[in-house]
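Reader: I would like to learn how to read contacts between side chains in a model. Please give the general idea first, then the case at hand.

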Amino acid sequence: FCRRTCHVNHRRNWPKPGSFTADGNGNITAGVVDSNGASGVTSGNITVSGSSYSVGADNRGCATIVTPTYTFTARFALETTPSGASPVGTLEEWEAGTNPYIASGQILKQTVPTAITNGTYVYQQTGVYSSSQYRTGVVGTMTASGGSITAGEYDSNVVGDHHTYTGVTGTYASPDPTTGRFTDATTLEGITAHRVLYAVSSSQFLEMTTESLSSFPVLIGKGQLQSGSLTISGNLVYYATGRDSSGGVAQFARVSITGSSTATASLYEDDAGTWLTPTPTAMTCSYAIDSYGKVETSGSGCGSYPPVFYLTGPNQAFMIGTDPDVFLGQIAPQTATKIAAATYFFGTQEVVNLQADLMTEVGAATVSSTGVVGGHSDQTSASLPQQGDQTVSDTLTVNSDGTFSDSKHPGQVSGIVISGNQLVIVDSAGSAYPTILVIDTIPTT
């Protein structure tokens with residue numbers, strides 16, 4: 001851990017984004033945290049006394065962050081570079097007791113800008129709506145310039161109630177020069193929403209809504225400056241998680257763009273512990289890209305609820321489903337079909353519910369050229385809290401298209417290679433709440 005300021009993006013029913021400064025010696029010397037949930041909206045500076053962190057030789061670590069209203073304990077795994085800086089990491093809440101919070105998120109190295117770059121941003125938000133805590137997702141765009149939001153389009157989904165909106169307007173403040181924290185307010189059809197945001201850089205931010213749950217969805221998410229051509233081509237991978245009445249749903253697909261308006265896909269889906277049949281499920285979709293970079297899919301072969309993607313650049317997008325499961329995920333170009341022999345760090349992409357069966361995991365492992373995996377992870381769930389330093393042992397068998405099976409589920413494709421630096425796998429595949437585990441390399445040069 002070098003001396004730097006970091007953002008924490010904490011995903012659960014009651015989200016907490018924040019910023020903290022680490023001194024390289026295990027001390028957290030400053031920071032601020034916001035939260036929203038059943039107990040209301042809070043914001044406060046980190047209490048330095050009692051806040052600390054440590055990092056082991058295998059890039060796994062723990063942290064305690066004290067605030068005036070809550071003490072947040074976490075386990076994490078980091079990407080490091082030869083220079084020692086950690087640009088990104090995964091984390092999970094780490095609570096003892098019979099009713100612990102189950103949560104996952106990210107740590108991102110922060111470079112505080114004087115202002116966010118003028119341009120169009122693509123954002124993705126996930127959370128809950130009303131006292132019934134209906135799963136909710138939002139993906140869309142907004143154009144920011146000089147403190148004003150002048151245009152935007154977004155898709156929202158509340159347990160299958162899917163709509164597209166245009167004409168968003170609003171204002172935003174400048175980031176705090178130390179923490180990168182700022183606020184915005186947007187209006188659509190006479191309804192104004194407020195958010196707190198943390199600038200990760202001049203082109204990336206984290207955000208959380210600050211209305212109470214009684215009047216507005218509680219959402220947490222991220223935004224990325226849109227750049228490059230808004231096109232898709234070649235082979236792509238998308239992966240996403242959702243929730244239905246039976247439990248959690250995790251899916252991934254290998255997508256091939258076969259023309260200027262047609263895409264074919266092989267879809268793998270674990271629905272509450274049971275794989276969708278046939279596996280893979282073949283899909284053929286028509287698509288059209290609008291001026292905002294929204295990729296809208298359609299067609300009889302595209303399923304009952306065709307997904308929607310908003311491009312951040314060529315072959316990169318945030319995804320939202322139009323289904324009652326409210327899938328949320330992302331799409332990326334598939335640039336490799338073999339698993340690179342390397343050391344990796346990994347973490348759970350999203351917590352979709354606070355059920356006893358839902359497990360989060362962070363860790364680090366090495367993978368050999370023959371697919372043998374060995375390492376350690378920290379796992380927690382409501383039924384089995386704080387299962388620390390668990391041995392990771394597996395063997396991955398890779399197919400020619402980059403999909404692979406693991407020795408725990410032989411013969412069943414459970415993951416896919418995205419690039420030489422990243423792969424994803426369905427974790428807790430036999431559980432009622434399967435999740436997506438995102439696995440990234442730790443560079444050595």
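**Salt bridges and rings**

Author: By the rule used here, a side-chain nitrogen of Lys or Arg within 4 Å of a carboxyl oxygen of Asp or Glu, the count comes to 10 salt bridges. This is a predicted model, in which local features need pLDDT of at least 70, side-chain atom pairs count only at pLDDT 80 or more, and totals for chains, interfaces and linings use all residues. Residues are numbered from 1 along each chain as its sequence is written, and side-chain values use heavy atoms, with hydrogens and water left out.

Reader: Which residue forms a salt bridge with R181, and how far apart are the closest N and O atoms?

Author: Side chains of opposite charge can pair when their charged atoms come close. Here the partner of R181 is D34, with 2.8 Å between the closest N and O atoms. R181 lies in strand β15 (residues 181–188) and D34 in strand β3 (residues 28–35), so the pair ties together parts that are 147 residues apart in sequence. Strands (E, at least two residues) are DSSP runs, numbered from the N terminus.

Reader: Is D34 buried or exposed?

Author: Buried means under 20% relative accessible area, exposed over 50%, and partly exposed in between (1.4 Å probe, protein chains only). D34 counts as buried because its relative accessibility is 3%, whereas R181, at 26%, counts as partly exposed.

Reader: Where does E350 lie, and where is R135?

Author: E350 forms a salt bridge with R135, the closest N and O atoms being 2.9 Å apart. The pair links distant parts of the chain: E350 is in the loop between β28 (342–348) and β29 (359–367), and R135 is in strand β11 (residues 134–145), 215 residues apart. E350 is buried at a relative accessible area of 5%, and R135 is buried at 3%.

Reader: Which residues are linked in a network of salt bridges?

Author: The network links D58, R60, R75, D378 and D389.

Reader: How many aromatic pairs does the structure hold?

Author: A pair of aromatic rings is described by the distance of the centres and the angle of the planes. Rings of Phe, Tyr and Trp (its six-membered ring) pair if their centres lie within 6.5 Å; planes under 30 degrees apart count as stacked, over 60 as edge-to-face and the rest as tilted. The structure holds 4 such pairs. In one of them, the ring centres of Y121 and F205 are 5.6 Å apart with the planes at 45°, so the pair is tilted. Both Y121 and F205 are buried.

Conventions
Helix = DSSP H or I, 4+ residues; strand = E, 2+ residues; numbered from the N terminus.
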